[in-house]
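Open the model in your viewer and keep the selection panel at hand. This tour goes from one selection to the next.

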Amino acid sequence: MYSFNYLKPVSIEDAADLLSESDEHKVISGGMTLIPTLKQRLARVEHLIGLEKCGLNEIKLDGELLKIGAMTTHAEVSESDIVVMENPAIAELASHIGDRQVRNRGTIGGSLANNDPSACYPAAILGLGGIIHTTKRDIKAEEFFVDLFETALEEDEIITAVSLPKPDAAAYEKFPNPASRYAMVGVFVAKFNSEIRVAVTGAGEEGVFRCSEIETALLKAFSSESLSDITISADGLMSDIHAEADYRAHLIVEMAKRAVTKSARR
Ligand SMILES: Cc1cc2nc3c(=O)[nH]c(=O)nc-3n(C[C@H](O)[C@H](O)[C@H](O)COP(=O)(O)OP(=O)(O)OC[C@H]3O[C@@H](n4cnc5c(N)ncnc54)[C@H](O)[C@@H]3O)c2cc1C
């Protein structure tokens, strides 16, 4: 690890100012991804800007939307009464991220900023049509996730919170990598009044994506049986040591079926 200074600003405005001073400055939330990257000398920073004193871990209802502060840990999301009541699929998703240590440190803001192609939250935020709030603007989920580990965030932009609409029914199912618990394939299904949204993580060569074939089938009938004849093309899906693209294509349908069944039980 190269040496660096650790700064703890006490407001998000101060954090944003510090971040904008140099390309060599980076924010840190839970550090679950950034610290190993620094330890392996894959990144070098002059100042690490800790967000822990910036007051970004509030969970509240903002009108019809559930608003979760960027520094809220996965454990806090999974145990929050408001989340359990308003959007139980999010609470459940958070409860299955990584292991206990990761859930106690990793944050929703860090996860979204990192946009790991196998991370769980991107599927939920895209599946629900959430809004990512930053120090500069509000970004729709559709515009936020750009490519593998790439988002619409500018170098000096910090996520402050995420807002999520309440679905009529929703659930997330993942086929976890047995070692890391990251999704080999994860599918988030959300049913709204006149819309079905299905987002897939862990499979796309360009990261999280919406699956229109499954959305169309579920719009006709919101049941796992309506996915029985669906086949997803392996084009554009990842092949790696964990799974071939056609296996991932198969898993997308299976995870979607399980998610639909689970959402109906809520
Ligand atoms: C062993 C292991 C297993 C895991 N399993 C899963 C899993 O099953 N599912 C899953 O979804 N995730 C999983 N994760 C990822 C983990 O849950 C964290 O979400 C992830 O590490 C990033 O969150 P963090 O708060 O630790 O971010 P950090 O490591 O602090 O930061 C990550 C990156 O985001 C930037 N950043 C952080 N916060 C912000 C912000 N507010 N605004 C702008 N940029 C920011 C940082 O500069 C850095 O580049 C796993 C991680 C580990 C180590």
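A pocket here is an open set of grid points where a 1.4 Å probe fits, with protein on both sides within 12 Å along at least five of seven lines. Its volume is the space filled by probe spheres set on those points. Keep in mind that this is a predicted model.

**Stop 1: the ligand.** The shell holds 29 residues. V27, S29, T33, C120 and R181 are the closest. Colour the shell by class: 14 residues are nonpolar, 11 are polar and four are charged.

Stop 2: Zoom in on the oxygen atoms of the ligand. Which side chain places an N or O atom 2.5 Å from a ligand oxygen? Select T33 to find that atom. Next, show the backbone. A polar backbone atom of V27 sits 2.6 Å from an oxygen atom of the ligand. At L34, a backbone N or O atom is 2.8 Å from a ligand oxygen. On its own the ligand has 970 Å² of accessible area, and the protein covers 89% of that.

**Stop 3: the largest pocket.** Hide the ligand and look at the space it took. That space is the largest pocket. Two elements give two or more residues each to the shell around the ligand: strand 2 (25-28) and helix 7 (108-114).

Select the lining next. It has 49 residues, and T33, G110, S111, A113 and N114 lie nearest the pocket centre. Strand 2, helix 2 (34-39), helix 7 and strand 9 (150-151) each supply two or more lining residues. Which element gives the most? Select helix 7, which contributes five residues. By class, the lining counts 21 nonpolar, 16 polar and 12 charged residues.

**Stop 4: the second largest pocket.** Move on to this pocket, with about 200 Å³ of space. Its lining has 14 residues. Select S29, E52, M71, T73 and T107, the closest to its centre. How does this lining divide by class? Four residues are nonpolar, seven are polar and three are charged.

**Last selection.** Finish on two residues from the earlier stops. T33 makes the 2.5 Å side-chain approach to a ligand oxygen and is among the residues nearest the centre of the largest pocket. S29 is one of the closest residues to the ligand and is also among those closest to the centre of the second largest pocket.

Methods:
Residues are numbered from 1 along each chain as its sequence is written. This is a predicted model: local features need pLDDT of at least 70, side-chain atom pairs count only at pLDDT 80 or more; totals for chains, interfaces and linings use all residues. Side-chain values use heavy atoms; hydrogens and water are left out. A residue is near a molecule or strand if one of its heavy atoms lies within 4 Å of it. A polar contact is a pair of N or O atoms within 3.5 Å; within protein, one must be able to donate a hydrogen and the other to accept it, and residues adjacent in sequence count only if both atoms are side-chain atoms. Accessible areas come from the Shrake-Rupley method with a 1.4 Å probe; for residues, only the protein chains shown count as cover. On a 1 Å grid over the protein atoms alone, a cavity is a set of points where a 1.4 Å probe fits but cannot get out, and a pocket is an open set with protein on both sides within 12 Å along at least five of seven lines; lining residues have an atom within 4 Å of a point. A molecule sits in a cavity or pocket if more than half of its atoms lie within 2 Å of its grid points. Helices (H or I, at least four residues) and strands (E, at least two) are DSSP runs, numbered from the N terminus. Ala, Val, Leu, Ile, Met, Phe, Trp, Tyr, Cys and Pro count as nonpolar, Asp, Glu, Lys and Arg as charged, and the others, Gly among them, as polar.
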